[in-house]
Amino acid sequence: PALESSACNPQPATRMPRTQPRRRPLSDDEIVERLLAAILEHRLPPGTKLGEDRLAETFGVSRTRIRQVLYRLSAEKVVKQIANRGAFVAEPTVAEARDVFDARAVIEPMLVARLAGRATAADAGRLREHVARETAARASGDLRSQIKLSGEFHALLAAMAGNAVLAEMLRELVARSSLIIAVYGTKGGADCAADEHQRLAEAVRKRDAAQAARAMRDHLAHVEGNLDLRTRPSADIDLRAVLLEA
């Protein structure tokens, strides 16, 4: 009878507490890309201190891994390591700004001319689609997307040109240019205008190498000409809030 009673009136099952799914740890490459994106999109301005403890806590990794990440970013010249002080988002000097744009003026017209000479309809379509995304970001006032897409346009041109060494060099130059614009750019005056990117894309579509090179030289001169060498941003940045935002 006792067994029957137990079977007919089972005790309520104990409910196990719900546990939150554990978030997959980020790889070093993913941490590098997240930091780089925050820097290039100007969410981490030049001069921002990149404290190892804070970054390790933010990403849930060891300080050893953070040191490796910061070393990689310093190799790309977007982070500066200062003895006994730590790592900071790099602050380019006026001389460095000029050197970077001089280098771009040599490399990019050559790359875009090379691309124009070999561009396919698919290449032209990719550029057209990218410019459309830039135009939409500008129309909606999405400054972060404008900055991100602008740099990606130049990197895309270089990658499509087919010289991996120069494309890697340009990736560094574009990253450093973003820092230069963050320090010396006037509000809305020194980023890449979508209409100028449109002219570059059109020259590539027409496979006009001379026009593409000329459009690139004019474009880079316009961006550099709008830099204000007196501007210095200053901000107290919450690393965790910046790096964990959606």
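Two strands pair if DSSP finds at least two bridges between them, and strands (E, at least two residues) as well as helices (H or I, at least four residues) are DSSP runs, numbered from the N terminus. The model is predicted, so local features need a pLDDT of at least 70 and side-chain atom pairs count only at pLDDT 80 or more, while totals for chains, interfaces and linings use all residues. Residues are numbered from 1 along each chain as its sequence is written, and side-chain values use heavy atoms, with hydrogens and water left out.

**Exercise 1. Describe the confidence of the chain, and the stretch 1-8.**

Begin with the average pLDDT (the predictor's confidence in each residue, from 0 to 100), which is 85 for the chain, with 83% of the residues scoring at least 70. Then turn to residues 1-8, where the pLDDT is below 50 and where the model has zero contacts (heavy atoms within 4.5 Å) beyond near neighbours in sequence.

**Exercise 2. Describe how β1 and β2 are joined.**

Strand β1 (residues 79-82) and strand β2 (residues 86-89) run antiparallel and are joined by four bridges.

**Exercise 3. Determine the relative orientation of α3 and α4, and the make-up of their contact.**

Two packed helices are described by the angle between their axes and the distance between the axes. Axes are lines fitted to C-alpha atoms, for helices over the stretch in contact, and angles run from 0 to 180 degrees between N-to-C directions. The axes of helix α3 (residues 52-59) and helix α4 (residues 63-75) come within 9 Å and cross at roughly 110°. Glu52, Asp53, Leu55, Ala56 and Phe59 of α3 meet Arg63, Ile66, Arg67 and Leu70 of α4. By class, this contact has five nonpolar (Ala, Val, Leu, Ile, Met, Phe, Trp, Tyr, Cys and Pro), no polar (the others, Gly among them) and four charged residues (Asp, Glu, Lys and Arg).

**Exercise 4. Describe the packing of α7 with α8.**

Helix α7 (residues 143-161) packs against helix α8 (residues 164-184) at an angle of about 160°, with the axes 9 Å apart, and the two are therefore roughly antiparallel to each other. In the contact, Ile147, Gly151, His154, Ala158 and Ala159 of α7 meet Ala167, Leu170, Val174 and Ser178 of α8. These residues divide into six nonpolar, three polar and no charged.

Note on methods:
Angles under 35 degrees count as roughly parallel, over 145 as roughly antiparallel, 65 to 115 as roughly perpendicular and the rest as oblique.
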